Number of protein chains: 2
Amino acid sequence: MKIVPVSKATLGRLPGYLKLLRKISPDKVPYISATTISKELNLGEVQVRKDLATVSGEGKPRLGYATEELIKKLEDCLGYNELTGAVLVGAGKLGGALLQYEGFERFGVEIIAAFDKNEHTINIDSKIEVLPMSRFESFCKERNIRIGIITVVEESAQDVCNQMVRSGITAIWNFAPCKLQVPDGVLLQNENLALSLAHLSNQLSRSDKE
Amino acid sequence: MKIVPVSKATLGRLPGYLKLLRKISPDKVPYISATTISKELNLGEVQVRKDLATVSGEGKPRLGYATEELIKKLEDCLGYNELTGAVLVGAGKLGGALLQYEGFERFGVEIIAAFDKNEHTINIDSKIEVLPMSRFESFCKERNIRIGIITVVEESAQDVCNQMVRSGITAIWNFAPCKLQVPDGVLLQNENLALSLAHLSNQLSRSDKE
């Protein structure tokens, strides 16, 4: 199978397909068509075909998709068969909120540890351990952690980012409102919350003027 | 001036332009060219021209942009001359993190109040008042609030959304991981944090397979 990138929009719909297929159960319905799926989920048929093509390829003519196989492929794509471990650095309010945020596991990702430079003042109401930064590198290397989440202040973000790269992390999700430099081969995804709110506000004020 | 929508990417660069222009000061430099700006900020000249065109129109041939006027237009676009008030519903961890998140004002938005159904158990270390939901509608109507942020659990999100619409809110920033129904004319922006992390994880696992 050719590896095609899964867009964020497609990814967001995959748990819905999986839920439906599990509900109908492969014993009773060995094959399911894109038409049936699209009706059940109230989605366009073209969209369903496109989404499923990125995960599993085409269905069989006149039969549709083999239900059991499609379930497995969706689970694989969503990482259900192997939860990906992530670490978080910066156990402040936002970090704490992410540690408690439900729904990461629904997409196959689990935050397994949080780190903070200040190990004494940490008081997070969460099941996840908060460790001192001195243990960061060895922790990540031992467990082969690949995903790092940055929720520290702007001033410390590049340092933390460098430490992550040194520790073998190759995908960084950055909440600090600044540009980070990463070497080639490291994925960087910026989450600028202020900008998201600003964009909404700006759309609002422009729709007022129109 | 024709009202053109400002993209999120452009919006994110506007504070940088403003900072530069304020630094050089209009008295000393009455006109500034896109070339100068692009060199100072290490951005492409075409991008600078496009960004500034959405805010202020074209510069004058051979002179460039009138510095003082451009500063004003950037401030207007970023809402600096009139902070837009927003309210937040759901004063849990994520809500608390947003209340403390710095940088909203940099984009002209200010969260002026938070609401929660449970007024007794609220203990947020923030300067912003947390009010009971019973006061929500009158608060929003009196102050003509237009922006609402939803940080409640999935089950309550549609109810809160309906209450916001009834209270005159026309732009909703939703953090609950569910689809909300809004009437025509109400802007809805969904922030699915789990999906963002999942997207990063998925890119990572696909780059491994390649």
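In chain A, strand β7 (residues 171-174) is joined to β8(A) by 4 bridges, and the two run parallel. I172(A) faces L188(A) in β8(A). Strands are DSSP runs of E of at least two residues, and helices are runs of H or I of at least four, numbered from the N terminus. Two strands pair if DSSP finds at least two bridges between them. The model is predicted: local features need pLDDT of at least 70, side-chain atom pairs count only at pLDDT 80 or more, and totals for chains, interfaces and linings use all residues. Residues are numbered from 1 along each chain as its sequence is written, and chains are lettered from A and ligands numbered from 1 in the order in which they are written.

The open sheet of chain A holds 6 strands in the order β5-β4-β3-β6-β7-β8, with parallel pairing. β5 (130-132) and β8 (187-190) of chain A stand at the edges; each has a single partner strand, so one side of each lacks a neighbour in the sheet. The twist averages 25° from one strand to the next. Helix α7 (residues 154-166) of chain A packs on the sheet and touches β3 (84-89), β6 (147-150) and β7 of chain A. Contact requires C-beta atoms, placed from the backbone, within 7 Å. The direction of α7 makes about 170° with that of β6(A). Axes are lines fitted to C-alpha atoms, for helices over the stretch in contact, and angles run from 0 to 180 degrees between N-to-C directions.

Conventions
Contact = placed C-beta atoms within 7 Å.
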